[in-house]
Amino acid sequence: MTPKHLGQSSALPSSPEEAVLDYVPNPRPGRPYLVRFTAPEFTSLCPVTAQPDFAHLVIDYAPGATIVESKSLKLFLGAFRNHQAFHEDCTVGIGERLFSEMAPVWLRIGGYWYPRGGIPIDVFWQSGEPPAGLWLPGQDVPGYRGRG
């Protein structure tokens with residue numbers, strides 16, 4: 001589990017599929033706690049027009065044996081910059097990949113997408129019911145009203 005990116009110069013992967021996510025041992029195994037990553041400037045490309053799409057992502061998870069290393073997550077999310085996919089595919093795909101590889105106890109992702117054609121699209125996915133007793137704060141991203 002030696003991180004490949006931490007403390008090194010790492011180029012942005014050319015695609016999400018090429019991105020390597022690093023995982024390190026959970027420093028507090030057996031304790032129920034929540035980890036949150038917020039990416040307020042996430043970008044991808046529309047699969048039809050190739051125009052940029054922008055989102056505010058919020059990723060919450062309760063760690064299992066490992067946690068995701070933040071630099072590798074940043075590079076993974078940055079790899080979507082030239083990736084063409086619908087909002088639903090990006091949001092759910094990110095959640096499913098993290099859940100599959102990291103194997104947390106629980107994970108949820110909220111993708112708050114800015115309007116295209118006048119309609120904002122918000123996409124939510126979670127791996128199942130949250131663990132009992134886990135403190136779950138709201139994601140605190142308001143519905144679209146000129147977010148910011």
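**Pocket and backbone**

Author: This is a predicted model. Its largest pocket has a volume of about 320 Å³.

Reader: Which residues are closest to the centre of the largest pocket?

Author: Ala39, Glu41, Lys74, Leu77 and Gly78 are the closest to the centre, out of 16 residues that line the largest pocket.

Reader: Which elements each supply at least two residues of that lining?

Author: Strand 2 (35–45) and helix 1 (70–78) do.

Reader: And where does the largest share come from?

Author: Strand 2 gives the largest share of the lining, with 7 residues.

Reader: How many of the lining residues are nonpolar, polar or charged?

Author: The lining has 9 nonpolar residues, 4 polar ones and 3 charged ones.

Reader: Where is Ala50?

Author: Ala50 sits in the loop between strand 2 and strand 3 (52–62).

Reader: What about phi of Ala103?

Author: Ala103 has a positive phi too, of about 55°, and is not a glycine either. Ala103 lies in the loop between helix 2 (87–102) and strand 5 (106–113).

Reader: And what is the relative accessible area of Ala103?

Author: For Ala103 the value is 49%, so this residue also counts as partly exposed.

Notes: Residues are numbered from 1 along each chain as its sequence is written. This is a predicted model: local features need pLDDT of at least 70, side-chain atom pairs count only at pLDDT 80 or more; totals for chains, interfaces and linings use all residues. Side-chain values use heavy atoms; hydrogens and water are left out. On a 1 Å grid over the protein atoms alone, a cavity is a set of points where a 1.4 Å probe fits but cannot get out, and a pocket is an open set with protein on both sides within 12 Å along at least five of seven lines; lining residues have an atom within 4 Å of a point. Grid points are joined across faces, edges and corners, and a volume is the space filled by probe spheres set on the points. Helices (H or I, at least four residues) and strands (E, at least two) are DSSP runs, numbered from the N terminus. Ala, Val, Leu, Ile, Met, Phe, Trp, Tyr, Cys and Pro count as nonpolar, Asp, Glu, Lys and Arg as charged, and the others, Gly among them, as polar. Buried means under 20% relative accessible area, exposed over 50%, partly exposed in between (1.4 Å probe, protein chains only).
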